[in-house]
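Here are a few notes to read alongside the structure. Please keep the sequence open while going through them.

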Amino acid sequence: MSQATPAVSATRERRGGVLRLAGTIMLAFVLAVGSFAGLSACGPADPEARAATEQATWELDRLGQAKAGTLSNGVYGALGAFPTGSDFAKAYLRKVTYELGSVTVSGKTATAEVTLTCPDYNWLANRSLSLLHSDYTTLSTMGEPSLNKEVGAAMTAALDEDDLPMVEHKAKLTLGKVGGEWVADDAGVQAVAEALWDGSIACNDQGAWSYTDNGKMQLSNMWVALFTELADDPAFFATTLGLNEDFAAELEGCGWSTEDYYKAVLAQAKAEAGKTTVSNNVVSTVLHVTAIDGTKAMTDGNEAAVAYSQTSEAQSIYYNQGEQAVQHEVYGVLFDAIAKDTDAVITKDITLSFGFSGQSVQLDTTSASQYAMTLAGQGTADE
C-alpha cells in the first residue's frame, strides 16, 4: 500500500492536535516496527474503506518510524520499576511485527483488523527467574532498585534465548471520522497496546502507560518466586543476617561457617505461593511457609550434642586429635539434629504485598522481613 501523498501528510501534520500523534497514539504504536503483509495493491474498492485503510496504514507507518526515545520514555512509565526498563522495551519491540488486515466502515466508524506477533511476555517473566542469581544484598533492598535492576536485565537477556516463543494477538484499531478525515480513537489505541504487551501494560487516553491487573500480578509473582527461593539459599541468610560474633568465631575455629548453620536451619524450610489478589492497586500473595522454631531446634540440638560428647567415640577423638577436633564433630551432631528435628517444625501463612503507585512499586517490607526471619528460624507459629 502506498503512503499518503505529501499534500495529505502535510494536512495531517497541521491537524496534529486532532490526530494526537505526539500523545496517545504515538506512544502506543511506536512500540512496533513491523511489516504490513496481506494488503491489496489497489486497496478496498469502497472509497471510505480505502481512505480509512490509508489512514490506518499511514498512522502505523508514521508511528513505527518515530524515534525510539519516545518509545522508551513511554514504556518506562509502566516498566518504571526497572532501571533497565528502557533497554528491555527496545529489545522487546525489535522482535514485534504486525499486519494490517481488513478495514470495515460503518457510518463514521471504521475498524481495522490488526495482527500482532510478539514475544510471549508471560514466558519472558518466568524465564527471567531462571537467569537470576541469588545476588541479594540486604532485606531493605529486596524489591527495590538493586533487585529490580537484576529482574529487568534478566528479562532483556531472556529475549535472546533460542527458544523464545512468539505469540499472535488480534486487536481492532478503531477510527472515527473527524472533520472529513479518519482518526484513530483512544479505545483502539488501548486495545492494540494491551495486545502488544500480552495484556500486561496499557495506555490510557492521555498517553500514560500503566500496568493492568494482569501486569501487576505478573510483576509481583516474579518477586514472590524470588522470595520462595530464599528457602534454598543459606548464603543469603549468612550474608544478611549473620550470627552472634562470638558464636560465628567459635564455629570458624571448629571448621564450620555461618552458612553451615543456616543450611541446617533451612533443611526443612519451604515456601509455596498461595492465592494472589489485586485490590486498590495492591497485589497480595499468601505464602504457605514451613520452617523451624529455632529456639526449640537449638535446645533439642544441644541435647543431642551433649549426649554425643559423652560417647566413647567423642572421648577417643579428644584424646587422639585434640579438643578442636571433637568440637568439630559435636557441632556436626548439633547441625544434623537441627536439620532433622521434625518436632521443631512450624507452619504459618505470611502475606506479601506490593503497592503500585504511578511509576513505582513498593514492597511491604514488614511482611517480607517477617517471612525471612521465619525461614531463618527466628519465628514461631504463634507470632
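1. T115 counts as buried, because its relative accessibility is 13% and the cut-off for buried is under 20%. This value, like the others below, comes from a predicted model.

2. Where does T115 lie? T115 is part of strand β2, which covers residues 109–119. Leaving aside residues up to four places away in sequence, T115 touches T97, Y98, E99, E168, H169 and K170. With K170 there is also a polar contact of 3.0 Å between the two side chains.

3. The largest nonpolar core has 85 residues. Y92, W197, F237, Y371 and L375 are the residues with the most contacts inside this core. Helix α16, residues 323–340, gives the most to the core, with eight residues.

4. Y92 deserves a look of its own. Residues up to four places away in sequence are again not counted; Y92 then touches C118, P119, Y121, L124, L159, L196 and W197. W197 is also on the list of residues with the most contacts inside the core.

5. Next, the loop between β7 (270–279) and β8 (282–292), where N280 is found. N281 lies in this loop too. Most residues other than glycine have a negative phi. N280 is not a glycine, yet its phi is positive, about 50 degrees. N281, also not a glycine, has a positive phi of about 65 degrees.

6. Are N280 and N281 buried, partly exposed or exposed? N280 is exposed, with a relative accessible area of 74%. N281 has 39% relative accessibility and so counts as partly exposed.

How values were computed:
Residues numbered from 1 in each chain as written. Predicted model: local features only at pLDDT ≥ 70, side-chain atom pairs only at ≥ 80, totals over all residues. Heavy atoms only, no water. Core = buried A, V, L, I, M, F, W, Y, C linked by side-chain atoms within 4.5 Å. Buried < 20%, exposed > 50% of the residue type's maximum accessible area, 1.4 Å probe, protein only. Helix = DSSP H or I, 4+ residues; strand = E, 2+ residues; numbered from the N terminus. Contact = heavy atoms within 4.5 Å. Polar contact = N/O pair within 3.5 Å; in protein donor to acceptor, adjacent residues only side chain to side chain.
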